[in-house]
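A reader who meets a structure for the first time may ask what lies behind the words used to describe it. Please consider the structure below with that in mind.

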Amino acid sequence: MSALQLKGVRKAYGGIVALDGAEFTIAGPGIYGLIGPNGAGKTTLFDAIAGTVTPDAGQVLMGGRDVTGWASHRMAAAGISRTFQECRVLLEETCLDNVLFAAQPKGLGATLSQVFTRSNRHRLQLHDEALRLLSLVRLEAYAHAPASVLSFGQRRLLEIVSTFISSPDVFLLDEPASGVNPSLLEVLMDFIQTMYAERPRVFLVVEHNMEFIMSLAQDIIVMHQGRVLERGTPAQVQASPQVLEAYLG
C-alpha cells in the first residue's frame, strides 16, 4: 500500500489550469524532491494534498485511503504537516511556545486554543522535545525570546521545527531554503536528515535551490505545466533533455 498517491489531480482557477492531471505514487518513507519552473503547479499540488484547496477532479490517497477534499484540519489530524512559502510564525510568542502551539490538536477552534491556552500537562509532555528540536537548529538560546527577534532565516527554521513536533506521517516542506543564508542552509539540511533518520516518514520538499534539493533528496519529481514531466534520481533528472528544455526553453 502506497504512503501517498495522486491520481489525475486537476485544479483550475478560471481559465488558468494549475494542475492538469498530476499524478505520482510515493511507496514509502524517503526524502523526495518536487521541482519545476515557476507556474508548474507545485504549490497548488501541496495545497491539494494538505486540504487547503479541493481538486476539481482526481484523487489524493494517503495509505490507500481516499482523502480528496478533506479540510486542512482533518488532513493534519490524519498525519499531514506542511510549511508555506510565506514564513508563518507567531512573532509575539516565544520560540518555545511557537513549537508547543504547533503540537496542539487540530480541529474546530484549534487556532483560538493555540493562542489563548497553555495547558501545563501539554507543556510538560512536550517541553523537553521542543527544546531538543530548537537546539538542533541552533535556536535554543532563543527558546524564551519572542520570535520577532529572529532573522528571517531563523524564523524559517523555527517554522520548520514546528512541523516536526507532532511527528506526522507526511511532511510537506514548501521552499524551506528560501531566504535562508548559506550557513543556516547546512543547519537546515542536517536537521531534515536527522529527523528522517530518527523518524522515517515521507518528506516531500518543493525547492528552487537546485544544489540544496539535489543533495538532500534521493528521488526527484519534476513538474511542468501542471503535470509530472519526469521522475528519477538527481543524476537522472539533471541529465534529462525534457527537464533541461522545461527549465531553459
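The questions and answers that follow concern this predicted model.

Q: Why is Cys95 called buried?
A: The word buried applies under 20% relative accessible area. Cys95 has 0% relative accessibility, and therefore counts as buried.

Q: Why is Cys87 called partly exposed?
A: The relative accessible area of Cys87 is 23%. Buried would require a value under 20% and exposed a value over 50%; 23% lies in between, so Cys87 is partly exposed.

Q: Why are strands β9 and β10 said to pair?
A: Pairing requires at least two bridges. Strand β9 (residues 219-224) and strand β10 (residues 227-232) share 5 bridges, so they pair, in the antiparallel sense. In one of these bridges, Ile220 has Gly232 of β10 as its partner. The two strands form a hairpin with 2 residues between them, and Gln225 in the turn has a positive phi of about 55 degrees.

Q: How do you know that strands β3 and β8 pair?
A: Strand β3 (residues 30-35) and strand β8 (residues 202-206) have 5 bridges in the parallel sense. The requirement is at least two, and therefore β3 and β8 pair. Ile31 is bridged to Phe203 in β8.

Q: What makes β6 and β10 the edges of the sheet?
A: The open sheet has 6 strands in the order β6-β7-β8-β3-β9-β10, with mixed pairing. Each of β6 (80-82) and β10 has a single partner strand, so one side of each lacks a neighbour in the sheet. Neighbouring strands are turned by 20 degrees against each other on average, direction ignored.

Q: Which strands does helix α6 lie across?
A: Helix α6 (residues 152-164) lies across β6, β7 (170-174) and β8. The helix runs at about 165 degrees to β7.

Methods:
Residues numbered from 1 in each chain as written. Predicted model: local features only at pLDDT ≥ 70, side-chain atom pairs only at ≥ 80, totals over all residues. Heavy atoms only, no water. Helix = DSSP H or I, 4+ residues; strand = E, 2+ residues; numbered from the N terminus. Buried < 20%, exposed > 50% of the residue type's maximum accessible area, 1.4 Å probe, protein only. Axes fitted to C-alpha atoms, helices over the stretch in contact; angles between N-to-C directions. Contact = heavy atoms within 4.5 Å.
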